[in-house]
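Dear colleague,

I am passing on the structure below, and my notes on what was found in it follow directly after.

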Amino acid sequence: MRLLAIAAAISLSSPLLSSASAQNCPAPRKINIGVAVAPPNVVHTAPYVAKALGLFAKHCVDATIIQFDGGAAGTSVTAVAQGSAISNLPDVAIARGLKGKQIWGLAPRPPQAYVVPESVKTAADLKGKRLSAAGGVGGFNWLMGREVLRSAGLGQDDAQFISQGTAGRLPGFIAGQIEGVLLHPEDVFLVQQKKPGAHVLTMISDLLPLYAFNHYGASDAFIAKDRALLVDTIAAMIEANRAIYQDKDKDKVVPAIMEATQKPKDAVEFAIDVLTKNCILSVNEGFVRERSEWTHQNNINTGDLEADKKVAFEQIADLKLATEAVEKAGGRQTIGTCRD
């Protein structure tokens, strides 16, 4: 996958910045934070919210946000391996020898829907159709498209996967260039306005109820060298996720997400409602052992990981670092029914 090298210079002002400055950080510590999609979906915007609300500054962190064109493989994972950024880190990469660990679950549950045109009524109808492989083969759209085909007893060769940039998913589907695509809530909202008859074939949370969606990771060398920086960075993003849940922060959160995602206010607010009501975004460590272990085994079952490379949960996740970050963020919280 292609690194877009977009450093997000979010400059929204916030009253929180003055209180952050009052801490007199001797020297804000620099870190690169990867985002798995360009432009990001609403679910990915914790770093942008943390920057806009002054939460990174509060923890003496100077964060540069880098957008990657897909987070399941390619340059995002390479950046983690090289220690040049923290970003989405799949368990498969760790099992195959990447010296790193997941350090926080941004979103333990998948928020996406698989969307199809009016002519497609069942997964079996996708045979011979053009499906999105946004981010390339091995990317999340390709993986989930394959799972939808499998639900109808079809294989990946029974449809035509079209490689495209992640930004091309929605316009490509609206234009009829693809006939099956994985979309986030804000894009489901928009596509139903722009393409009559388009509908949700299945939610990924229904298709794969225990799938673990998105976890930030760091290299072992980064963890050993700058653990305190990682703890503070994750603490700021935990606080950002919590702010997304809170109505009192809406007037600052929504504009930050609109700017980051380049999506209209009504679509952003719809997505926030879906994400928060369904506990998609984490409010604490974001690790659910059952989900991590199920997803790891599923990668073996589907042939994406060799069985002899299976590793334990403790080899995948640095739960202690995530717990330290939760403490830095003020301790564990429950928001509504959300507690992961």
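P39 sits in the loop that runs between strand 2 (29-35) and helix 2 (46-52), where helices (H or I, at least four residues) and strands (E, at least two) are DSSP runs numbered from the N terminus. The peptide bond leading from A38 to P39 is cis, with omega near -10°.

Please keep in mind that this is a predicted model, in which local features need pLDDT of at least 70 and side-chain atom pairs count only at pLDDT 80 or more, whereas totals for chains, interfaces and linings use all residues. Residues are numbered from 1 along each chain as its sequence is written, and side-chain values use heavy atoms, with hydrogens and water left out.

C60, in the loop between helix 3 (55-58) and strand 3 (61-68), has a positive phi near 60°, and at 17% relative accessibility C60 counts as buried (under 20% relative accessible area, with exposed over 50% and partly exposed in between; 1.4 Å probe, protein chains only). C279, in the loop between helix 12 (265-277) and helix 13 (289-301), has a positive phi near 55° and is buried at 11%.

Best regards
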